[in-house]
Amino acid sequence: MNRRQFAKGGLAVVFAAAMPRLASAAEGEKRMKAAVVYYSWSGNTRFAAETIAKKAGADIFEIKAETSYNGDFQKCCDEAKPECQGKTLRPIKAIEGLDLAKYDMVFVGTPNWWGTMAPPVRTWVTQSKDALKGKTTCLFQTNGGGGMQRVGKEFAEVVGNAAKVLPPKAFGGSSIKSSVSALEAFADERMAAK
Ligand SMILES: Cc1cc2nc3c(=O)[nH]c(=O)nc-3n(C[C@H](O)[C@H](O)[C@H](O)COP(=O)(O)O)c2cc1C
């Protein structure tokens with residue numbers, strides 16, 4: 001083998017050695033998949049979740065309480081207050097078709113209720129902690145003017161060390177339909193950061 005043939009052969013060897021790694025990296029890229037899991041009582045967080053899911057190419061799943069909260073705002077507030085303050089795990093329905101093993105990025109959406117997560121979200125995160133192990137998670141919330149309050153901090157506390165937790169983001173609930181570009185930017189930024 002002359003020098004040129006050797007160089008070509010060497011390159012081929014190097015290339016062949018790199019191929020499986022390139023192939024598995026490409027497969028890995030393909031497997032990168034996001035889910036958006038949310039709870040919404042009056043639709044604002046649902047709109048945010050749908051917008052984020054569309055932008056991130058994510059599958060979307062809704063958390064539902066075993067027993068729905070009262071449809072009246074004041075009654076719902078009264079019912080939710082002791083649960084939020086007591087960090088009660090309100091029972092939720094099983095989410096059909098959700099297999100967290102398929103995802104490496106999980107967005108979690110909640111309305112801000114009494115400064116924290118809505119109880120069904122606390123329940124889901126608590127129950128899903130083990131399944132979230134090794135994944136990246138990111139909380140988003142909608143609120144009635146209180147901003148983030150304790151929502152992001154308590155979400156991170158419940159997730160614990162199980163998952164990587166990206167910075168959470170709060171969106172105003174009443175203006176959510178005019179926040180599409182902010183929601184899309186959030187989805188893009190967090191997907192890039194995962
Ligand atoms: C039970 C209850 C408690 C709430 N507590 C707060 C609060 O502490 N701070 C706040 O900014 N908004 C609060 N809100 C307003 C909601 O966070 C806001 O309207 C949100 O966008 C609703 O999301 P949803 O439409 O997905 O349910 C509360 C609403 C309800 C029903």
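Predicted model: local features only at pLDDT ≥ 70, side-chain atom pairs only at ≥ 80, totals over all residues.
A nonpolar core is taken here as a set of buried Ala, Val, Leu, Ile, Met, Phe, Trp, Tyr and Cys residues joined through C-beta atoms within 7 Å.

Select Ala34, Val36, Ile52 and Phe107, which are the residues with the most contacts inside the largest nonpolar core, a set of 44 residues. Centre the view next on Val36, which, leaving aside its neighbours within four places in sequence, is in contact with Ala49, Ile52, Ala53, Ala58, Ile60, Phe107 and Gly109.

Turn now to the ligand, which 22 residues surround, the closest being Thr45, Pro111, Gly144, Gly146 and Gly173. Colour α2, α3 (73-85), β3 and β5, the elements that give two or more residues to the shell around the ligand; the largest share, 4 residues, comes from α3. Coloured by class, the shell shows 8 nonpolar, 13 polar and 1 charged residues.

Two backbone positions remain to be inspected. Select Trp114, in the loop between β3 (105-113) and β4 (116-117), where phi is positive, at about 50°, although the residue is not a glycine. Trp114 counts as partly exposed because 17 other C-beta atoms lie within 10 Å. Finish at Gln149, in the loop between β5 (136-143) and α5 (151-159), where phi is near 45°, again a positive value in a residue other than glycine. Gln149 has 16 C-beta neighbours inside 10 Å and therefore counts as partly exposed.

Notes:
Residues numbered from 1 in each chain as written. Buried ≥ 20, exposed ≤ 12 C-beta atoms within 10 Å, placed from the backbone. Contact = placed C-beta atoms within 7 Å. Near = placed C-beta within 6 Å. Nonpolar A, V, L, I, M, F, W, Y, C, P; charged D, E, K, R; others polar.
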